[in-house]
Amino acid sequence: MTIYEPAIHFMDVRYSIDNKPIVGPITGSFPSGRITTLVGPSGAGKTTVLKLCNGLLSPDSGEILIDGQSATTFEPTDLRRKVGMALQDAPMVNGTVYDNLALPLRLQKKELPEPDAISWLEDVGLSGDYLHKKASELSGGQRQKVSIARTLINRSDILLMDEITSALDKASRREIESLITRINQKYGTTIIWITHNLEQAISIGDYTWVLISGELIETGDSHILEDPADERVRRFVKGELQ
Amino acid sequence: MSPLALFLTLIFVLIPLVLSKTLNLGLERDTIIATVRSITQLFAVGYILKFVFDSDGYLYILLMIALMIFAAVHNASKKGKAIPGILWKITVTIVVVELLTQAILLGFGIVPATAQYIIPISGMVVGNSMVLSILFLNRFTAELEANQNRTELILSLGGTPKQAVHTQLTDSIKASTIPTIESQKTMGLVQLPGMMSGQIIAGADPVQAVQFQLLILFLLLTTAVVSSILLGFLSYPSLFNERMQLIRQKND
Ligand SMILES: Nc1ncnc2c1ncn2[C@@H]1O[C@H](COP(=O)(O)OP(=O)(O)OP(=O)(O)O)[C@@H](O)[C@H]1O
Ligand SMILES: [Mg+2]
């Protein structure tokens, strides 16, 4: 069993909406420089956990440490650049693919040179021809690719990927998996990746969190999913848990 | 107008009542309420104005304007309940617009500083500022709701709250002021503005009536644009908390 340095650490974290508990209490870590896959049934609170990581949400109680420092000590905008997130539904702003790719930099009053934009597009498996296409005309899978590229542009230390391959065909999915793995290896970027695909969770993950009904049921080496100890996780893996 | 003539105008209330009854439109109740309310409210205002004009005291003028603003704020704040502190934001908006327009009108001596001018003009400014506030709030809350994922996207990429709602804010400002600007383009062609018609009927020189109407139209341009922008910039910050997170809207 390897001991990992945590990039993000949850200490007794709880989050609720209108007094209805959504997640927690959660205590656990996302290891630094590794790919953690986050799995669980629909509505388990996976997206909520990611939003807590980059400060789109704050816990009602408990504390979240980023690189050993309380998340509340960061400026919200700095935290969200340091901990980048690709949102589940890959929303696009009005305009072209280029407008969307340039968005992270424009928010800082900087511009994205077109050749850079094209090379980002090629990284996610889209040709440069897409650059001036309207974002509203993209397919679901193309939108996901643009959304991934857009998230990568901030060159975050930690990347939160919320179901970024759910609308992709097998070949595109492989391409994105190898891109993210490359980024993880080349820059030591910590990755937290939500997926509904358990095979993917095992194959790309070093580490795994299993979340059920807002509770962190199991964590450990991704191979725990092959033979889970907990009964609920066992049923979830078999597809018996909705 | 003779009392008999005034009484005979009720024929115009009777026609919709009879039509509504025969066609089962169910408009009778509201028509009667509307009629009774307009009669009492307008006569009350008429007598109050007569009193204020006769006494010619600035205190009464101020009181009148305060009453108008109070009523306008009360009306407009029914919209935009989703925005925290909307009551005082609308109050600030309407008060600023009223002060700004009166300062220009009286400061440059465009109109004399008497109740006869200040009160009706204030009424139009306050009333329009109220309507614009309602238009803006309707649009802004709808835009926010429809574009919540974009707001979240921009925040997630490290944008500020202002950047996150910028498009929705400017779209709503534009959408709410366009009707005012557009209606001025056809002014006089399709219909004579109410105030001008009233003056002409009361026997004023039509050209003089036009001059006053132009004053009002231009005044309302400022009112529309300033109201909408001011309310917009006062409103958006309260949608976020100090951690730059969208505050969840109560769905009621
Ligand atoms: N704005 C909201 N208002 C009310 N409930 C919410 C809101 N956002 C999330 N929830 C609830 O919180 C729970 C967790 O939601 P979350 O989006 O984190 O789940 P998830 O694990 O990401 O699900 P999925 O796999 O379907 O994306 C769900 O039961 C959801 O209904
Ligand atoms: Mg989710």
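Modeller: A polar contact is a pair of N or O atoms within 3.5 Å; within protein, one atom must be able to donate a hydrogen and the other to accept it, and residues adjacent in sequence count only if both atoms are side-chain atoms. This is a predicted model, in which local features need pLDDT of at least 70 and side-chain atom pairs count only at pLDDT 80 or more, whereas totals for chains, interfaces and linings use all residues. Residues are numbered from 1 along each chain as its sequence is written, chains are lettered from A and ligands numbered from 1 in the order in which they are written, and side-chain values use heavy atoms, with hydrogens and water left out.

Colleague: What does the side chain of A:His196 have 3.5 Å from one of its N or O atoms?

Modeller: An oxygen atom of ligand 1 lies at that distance from A:His196. The side chain of A:Thr48 also has an N or O atom 2.5 Å from an oxygen atom of this ligand. For A:Ala44, a backbone N or O atom is 3.2 Å from a ligand 1 oxygen.

Colleague: How much of ligand 1 does the protein cover?

Modeller: On its own, ligand 1 has 640 Å² of accessible area, and the protein covers 61% of that. Such areas come from the Shrake-Rupley method with a 1.4 Å probe; for residues, only the protein chains shown count as cover.

Colleague: And which chains surround ligand 1?

Modeller: Residues from chains A and B do, so the site is shared between chains. The surrounding residues number 14, and A:Gly43 and A:Lys46 are among the closest; a residue is near a molecule if one of its heavy atoms lies within 4 Å of it.

Colleague: Next, the magnesium ion. Which residues coordinate it?

Modeller: A:Thr47, through OG1, and A:Gln88, through OE1, coordinate the magnesium ion (ligand 2) at 1.9 to 2.3 Å. Donors are N, O and S atoms within 2.8 Å of the metal (3.2 Å for Na, K and Ca), and water is not among the atoms, so sites may look incomplete.

Colleague: Where in chain A are those two residues?

Modeller: A:Thr47 is in helix H1 (residues 46-53), while A:Gln88 is in the loop between strand S6 (83-86) and helix H3 (97-106), 41 residues apart. Helices (H or I, at least four residues) and strands (E, at least two) are DSSP runs, numbered from the N terminus.

Colleague: Is B:Ile69 buried or exposed?

Modeller: B:Ile69 counts as buried because its relative accessibility is 11%. Buried means under 20% relative accessible area, exposed over 50%, and partly exposed in between (1.4 Å probe, protein chains only).
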